[in-house]
Amino acid sequence: MLSAQKEDALGADARYRAGRTSTLVSIVVNLGLTALQIGAGIFSGSQALVADGVHSLSDLVSDFVVLFAARHSRKEADADHQYGHQRYENAASLALGALLLAVGIGMLASAAQKIQAYGHTPPVHAAALWVALAALLAKELLFRYMLAVARRVRSSMLVANAWHARSDAASSLVVALGIAASLGGFTLLDPAAAAVVGLMVLRMGWRFFWSALSDLMDRAVSEEESQAIRATLLDTPGVHGLHDLRTRRMGDMTQVDVHLEIDGALTVAEGHAIAAAARRRVLDAHNVLDVMTHVDPVAAGAGADRAAGTRRSDTARSNM
């Protein structure tokens, strides 16, 4: 039977392989779309299709950022990074959010220029519409595939990259509508729809940017996650209570610090064994990187009373 440490290592390796495979698939798709969209845009005279090709190029950049972060976040702790390198993922999500913000601003600027040049836009070739529809289908399928992988391995960085693919699918939809409208003589609908999608991309980019920034500033986990960790600790035999439970994000994992109340009549070795068991239970039950425990000796009866009071207060809060 594998030890818990080996099982954790195998799980991390599986997550890395799944994320790396999905990102490589995204690179192949985006590389092909970039060449197809820019080439077809130049041939057909569609500025919107060329712009969409540039958007696909931004996806390529984000894919390489994800690969870089995924590779380096797996590195073991060293003298310079004694808590590990998991926050490479937070930094990568921050970069992806900034990239989405830049793409959204670029789309708005492009839409404004097209609106100002309304009436001077040359007609486009019908082939541009078919390329835009093919890009839309490819991006939507890629998004669904990447999001499924990201949720399976519980990676916020891969979720951000998947939604970046969805933003490109949205821009492809706008391009397809704009080209169709241009072929029908309604050229103003192209820049107007592009402006709407630009705002959507900006909103998405800001959400990822702010979430990653908050994690880098030691944001705690949700109250629900915190209460679940608390319950796991209190259910450990020998733990009579706890206080000063603190959490913070480390990539897609959580760092936990807690003071455990243990019978002061026990030996140091016995108290340590209980704390170690509590730590192991949390690591097995939750997406936690490590648990730093501090043992506080208490009288067994008083500790039990406090533990019961803690459970009652937690139950009361959950029923509010």
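Colleague: In which helix is isoleucine 179 found?

Modeller: Helices are DSSP runs of H or I with at least four residues, strands are runs of E with at least two, and both are numbered from the N terminus; isoleucine 179 is found in helix H5. Please keep in mind that this is a predicted model, in which local features need pLDDT of at least 70 and side-chain atom pairs count only at pLDDT 80 or more, while totals for chains, interfaces and linings use all residues. Residues are numbered from 1 along each chain as its sequence is written, and side-chain values use heavy atoms, with hydrogens and water left out.

Colleague: Is isoleucine 179 buried or exposed?

Modeller: A residue is called buried under 20% relative accessible area, exposed over 50% and partly exposed in between, using a 1.4 Å probe and protein chains only. Isoleucine 179 is buried, because its relative accessible area is 2%.

Colleague: Which residues is isoleucine 179 in contact with, beyond its neighbours within four places in sequence?

Modeller: Contact means heavy atoms within 4.5 Å, and with those neighbours left aside isoleucine 179 is in contact with Ser46, Val124, Ala128, Leu129 and Ala132. Another way to relate two residues is by C-alpha distance: isoleucine 179 and tryptophan 130 are 9.7 Å apart in space, although 49 residues separate them in sequence.

Colleague: What does serine 172 touch, if residues up to four places away are not counted?

Modeller: Serine 172, which also lies in helix H5, touches Gln37, Asp52, Ala132, Ala135 and Leu136 on that count. Serine 172 is buried, because its relative accessible area is 1%.

Colleague: How is a polar contact read, and which backbone oxygen lies 2.7 Å from the side chain of serine 44?

Modeller: A polar contact is a pair of N or O atoms within 3.5 Å; within protein, one atom must be able to donate a hydrogen and the other to accept it, and residues adjacent in sequence count only if both atoms are side-chain atoms. Here the backbone oxygen of alanine 40 lies 2.7 Å from a polar side-chain atom of serine 44. Serine 44 is found in helix H1, residues 4–44, and counts as buried because its relative accessibility is 5%.

Colleague: What does the same check say about helix H8?

Modeller: Helix H8 (residues 268–285) has 18 residues and should span 26 Å, and because its end C-alpha atoms are 26 Å apart, the two values agree. The buried residues of H8 are Gly271, Ile274, Ala275, Ala278, Arg280, Val282 and Leu283.

Key
Expected span 1.5 Å × (residues − 1).
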